[in-house]
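Keep the sequence and the 3D view open while you go.

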Amino acid sequence: MEWGIFANHLLKIHMNREFKLTYEEQLNDLRWFTKRSIILNRDNYTCRMCGNHGNEGNPLSVHHRYYLYGALAWEYDNEVLITLCSNCHRLIHQTLSPLCYYNNGEKLIPMNFTPCDRCNGAGRFSEFEHIQGGICFKCNGLRYKELFQEKEKVIKDALEHFGMI
C-alpha cells in the first residue's frame, strides 16, 4: 500500500468522532455490554485460564487478545475475545505486552507501540473500578505511549514504525 494512502487512512481513523471515546466510555457503552454478554455466554461464564466462575472479589471480564488501531471495544470478531477472571486478566496484562495491529483491509500489520508503563497497556485497573471506572491515570485509557501525543505525531510515529517515512 502506498504510504500516502496509508497515512490518509490512519488520519481518517484518528479523526473519527467515536475514536475520541475514552476506553472507559467504550466499556460503559450498550454496544460493549451486548458484545460482552455474547462472549460471557459463549464461554459459559467461566474463566478460560483457571476455570473460575467469578465472584464479587474476582469478577469475570472479557479480554481482547490483541488490539486493532482505531477499533472500538465492541468492533472485534468474537474469536479475538475471551472470558477471564480479574486475577487472570491482571496477570496477563502484567506479564505480556499487548499486541496492536493496523488492519489495512487485507491483513493485520503489527504496530510496534510501547505499552503504558503504569498499566502495561491494559488502559485500566479492574481492582480500582470504583475510582473513575479503573481508568489508568497515566495514559487515560489510551494504553500506548505513542497515543499520549498529538494526533499528527501519532500518525507520523505509526508510519515510522512501518518504515514508510
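**Exercise 1: a loop residue**

N44 sits in the loop that runs between helix 3 (30-42) and strand 1 (60-64). Bear in mind that this is a predicted model.

Task: work out whether N44 is buried or exposed.

Solution: Start with the cut-off: exposed means over 50% relative accessible area. N44 has 57% relative accessibility, so it counts as exposed. Now look at the backbone. Most residues other than glycine have a negative phi. N44 isn't a glycine, yet its phi is positive, near 55 degrees.

**Exercise 2: the next residue to check**

Task: find where Y45 lies, and say what its phi is.

Solution: Y45 is in the loop between helix 3 and strand 1. Its phi is positive, about 50 degrees, although Y45 is not a glycine. Y45 has a relative accessible area of 40%, so it is partly exposed.

**Exercise 3: the nonpolar core**

Task: how many residues does the largest nonpolar core have, and which have the most contacts inside it?

Solution: The count is 33 residues, and W32, Y76, C100, M111 and F113 have the most contacts inside this core. Next, see which elements build it: those giving two or more residues include helix 2 (23-27), helix 4 (86-95) and strand 5 (108-111). Strand 3 gives the largest share, four residues.

Finally, zoom in on Y76. Skipping its neighbours within four places in sequence, Y76 is in contact with K35, H64, Y66, Y67, L68, A71 and L81.

Methods
Residues numbered from 1 in each chain as written. Predicted model: local features only at pLDDT ≥ 70, side-chain atom pairs only at ≥ 80, totals over all residues. Heavy atoms only, no water. Buried < 20%, exposed > 50% of the residue type's maximum accessible area, 1.4 Å probe, protein only. Core = buried A, V, L, I, M, F, W, Y, C linked by side-chain atoms within 4.5 Å. Contact = heavy atoms within 4.5 Å.
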